[in-house]
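Dear colleague,

Please find the structure we discussed below. I would be grateful if you could read the notes alongside it.

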Amino acid sequence: MQIDKDTLHKIAHLARLEVKPEEEAPLLKSLESVLSWMEQLDELDTTGVAPLTHISAEINVMREDVVGNHLPREQALVNAPSQDGTYFRVPKVIE
């Protein structure tokens, strides 16, 4: 499948990517390669194959959420790099 520069820029815009002129040719080649591979996958007969919704058949094991004092506050704060006696002190992240 052929992709032109306009399509590349539309995809980049939707993905909120900035594509520099020197990056266009390698990206076009890469996208064409991926789409060619997808076209090959379309040729496979998947009749009777159930869709995969999860990569693993594992099921979450849920437990009751029980409140308890598992670790005293003082012991939890002992090795904290910065604390005020009650809470962990961390750098401000949101202004």
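This is a predicted model: local features need pLDDT of at least 70, side-chain atom pairs count only at pLDDT 80 or more; totals for chains, interfaces and linings use all residues.

Residues are numbered from 1 along each chain as its sequence is written, and side-chain values use heavy atoms, with hydrogens and water left out.

The protein chain contains three helices and zero strands (DSSP runs, numbered from the N terminus: H or I of at least four residues for helices, E of at least two for strands). Its pattern along the sequence is α-α-α.

The radius of gyration of the protein chain is 26 Å, whereas a compact globule of 95 residues would have a value near 12 Å (taken over C-alpha atoms; the globule rule is 2.2 Å times the number of residues to the power 0.38). The C-alpha trace spans about 65 × 45 × 20 Å along its principal axes. Of the 95 residues, 8% are buried (under 20% relative accessible area; exposed is over 50%, partly exposed in between, with a 1.4 Å probe and protein chains only).

On the surface, Val34, Trp37, Met38, Leu41 and Leu44 form a nonpolar patch (residues with over 30% relative accessible area and no salt bridge, nonpolar side chains being joined within 5 Å; a salt bridge is a Lys or Arg side-chain nitrogen within 4 Å of an Asp or Glu carboxyl oxygen). Together they have about 480 Å² of accessible area (Shrake-Rupley method, 1.4 Å probe, only the protein chains shown counting as cover for residues). Val34 lies in helix H2, residues 21-42, and is partly exposed at 42% relative accessible area.

With kind regards

How values were computed:
Patches are made of residues with over 30% relative accessible area and no salt bridge: like charges are joined within 9 Å, nonpolar side chains (Val, Leu, Ile, Met, Phe, Trp, Tyr) within 5 Å.
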